[in-house]
Amino acid sequence: MAPSTSHEDGDGIPRKADHLCVLIHGFWGNPSHMDHLAASLRQRYSEDRLHVLVAERNIGNLTYDGIEVGGERVAHEIEETLNALADKGCSIQKLSVVGYSFGGLLARYAIGLLDARGWFDKLEPVNFTTFVSPHVGVRVPRKGVWGYIWNNIGPRQGSISAQQMFMVDSVGDTGRPLLSILADPDSIFVRALAKFKNRSLYGNVVNDRTTIFYTTTLSTVDPFHDVGDAQVNYVEGYGPVVIDPDMYFLPLAELKESLPLGSRVWGQITKFFTTAMFGGIIVLFLTIALPPFFLHSISQWSHSRERVRLHEEGESATLFRQYRLPHVMAEIQSVIEEAYEDVGFSQDPDYLSTTSKTSPVDSIRQRNSPRLKAKEALGRKLSSSTITIQEASSPTPEQGQPNSSCGPTANNITSKKIRAYPSLALTPAQIAIIDSLNSVGFRKYPVYIHNHRHSHAAIIVRAPKPGFDEGKVVIKHWLDIEFQI
């Protein structure tokens with residue numbers, strides 16, 4: 001019998017693929033949530049070009065155990081896969097990592113461990129992408145009733161991960177939350193992130209109750225807070241879903257003055273009843289949903305602590321101890337750390353006011369001017385309580401389309417207007433995270449899901465639901481524009 005010419009052996013592992021792409025699901029998630037993403041990759045690239053690994057060591061309630069433990073599991077799973085592929089004769093040369101929601105934080109932790117262990121000396125880091133990941137945590141920048149409830153009850157749901165995402169945890173003797181460590185400019189995590197050739201973020205602009213726009217796209221403003229009648233500018237060929245990252249809006253018609261009195265009155269009535277209904281939902285939550293929520297939290301807290309204890313002891317501890325590395329260099333003096341010393345975040349859980357004409361950075365300057373050198377080293381550029389974003393004016397026939405690839409000649413350049421947006425009421429620590437990660441550089445794509453209220457799940461087609469079809473446009477855009485083999 002003639003020898004087989006297949007590039008695979010009996011277990012389906014490709015022998016000639018030189019590129020490994022790792023997909024990491026989110027909180028409470030499971031590998032099936034990444035089915036559409038994995039299927040799209042496999043349909044686009046044959047098995048002798050790309051090997052897809054859907055991480056499965058943090059399924060369900062295991063995501064309660066924290067970013068550190070979850071990230072170690074992911075790093076170990078990637079290493080196991082790389083070694084298994086090498087044993088099968090498949091030499092991986094390139095690595096891509098994709099995180100969905102909480103999985104994006106696990107991805108950032110895992111790549112730092114892999115780089116520190118020397119893997120990036122042997123592999124080329126190619127693509128790093130997150131979809132709706134809470135890079136700046138999940139605290140809502142509000143001081144109202146709902147903001148108070150969310151920001152104070154959320155961290156007490158009984159999991160290490162929740163404390164980390166609300167930034168009320170403290171890593172070792174640093175006195176700093178893990179999200180600040182993850183974004184520290186001198187950390188192993190940021191150094192690893194900077195080594196990827198392509199870095200991109202996708203975030204929902206509406207209806208994402210889990211991870212709102214500022215945290216998924218590293219922004220101190222939210223231009224989409226009230227889209228209203230704005231003329232959203234979509235990427236050509238991917239509308240009306242993926243928004244042009246360079247120019248969010250076309251001209252906004254002055255509709256408010258032109259609306260008849262009846263329409264304006266009806267708008268006010270609708271707003272009143274919407275507010276009343278929302279207040280009713282809060283009351284129901286406090287009286288009906290909260291007690292079982294806390295009972296469930298206590299149970300999960302107990303189970304999670306036991307899993308973490310086992311992770312730290314016996315054979316498991318021996319296995320994972322190799323991933324325990326210093327989080328930051330000893331000599332680091334970053335703005336994140338200075339902000340915590342000055343502001344006393346643990347003593348003041350509220351957000352800083354947006355009504356002041358002084359920015360959070362300027363507030364720190366006024367209280368402790370000797371620390372300015374550290375701030376200036378990071379190069380923070382936020383200097384007022386508002387940020388401006390450009391919008392395109394109506395293109396004339398001579399100007400061409402907003403997404404035209406033509407050069408900026410005198411005839412086709414699109415004129416621009418300026419919209420001002422107030423800075424969100426974020427803490428100095430959150431602003432420092434945004435500044436640090438933005439300095440690494442990402443291409444950011446706002447996503448407008450219209451057909452389903454659960455945009456957090458729809459963006460990656462987390463389940464085969466008809467209302468999630470717009471997510472297929474998002475994944476196609478990512479494959480067409482961002483992912484490189």
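Helices here are DSSP runs of H or I with at least four residues, strands are runs of E with at least two, and both are numbered from the N terminus. With that settled, take the loop between strand E6 (231-232) and strand E7 (249-250): proline 240 sits there. The peptide bond joining glycine 239 and proline 240 is cis, with omega about -5°.

Some ground rules. This is a predicted model, where local features need pLDDT of at least 70, side-chain atom pairs count only at pLDDT 80 or more, and totals for chains, interfaces and linings use all residues. Residues are numbered from 1 along each chain as its sequence is written, and side-chain values use heavy atoms, with hydrogens and water left out.

Back to the backbone. Which residues have a positive phi without being glycine? Tryptophan 28 is one of them, at about 60°. Its place is the loop between E1 and helix H1 (35-44). Serine 101 is another, at about 55°. That residue is in the loop between E3 and H3. Serine 101 is buried, at a relative accessible area of 5%. Buried means under 20% relative accessible area, exposed over 50%, and partly exposed in between, using a 1.4 Å probe and protein chains only.

Now the interior. A nonpolar core is a set of buried Ala, Val, Leu, Ile, Met, Phe, Trp, Tyr and Cys residues joined through side-chain atoms within 4.5 Å. The largest one has 59 residues, and Leu20 and Ile67 touch the most other members. At least two residues come from each of several elements, including strand E1 (19-24), helix H2 (67-87) and helix H15 (428-440). Which element gives the largest share of this core? H3 does, with 9 residues.

What does isoleucine 67 touch? Leaving aside residues up to four places away in sequence, its contacts include Phe102, Leu105, Tyr109 and Leu182. Contact means heavy atoms within 4.5 Å. Another core, of 33 residues, lies apart; Cys21, Phe131, Val474 and Ile475 are among its members.

Last, a helix pair. H1 and helix H17 (residues 470-482) pack at about 45°, with axes 11 Å apart. Axes are lines fitted to C-alpha atoms, for helices over the stretch in contact, and angles run from 0 to 180 degrees between N-to-C directions. H1 and H17 are therefore oblique to each other. Under 35 degrees counts as roughly parallel, over 145 as roughly antiparallel, 65 to 115 as roughly perpendicular, and the rest as oblique. Residues making the contact include His36 and Leu41 of H1, and Ile475 and Trp478 of H17.
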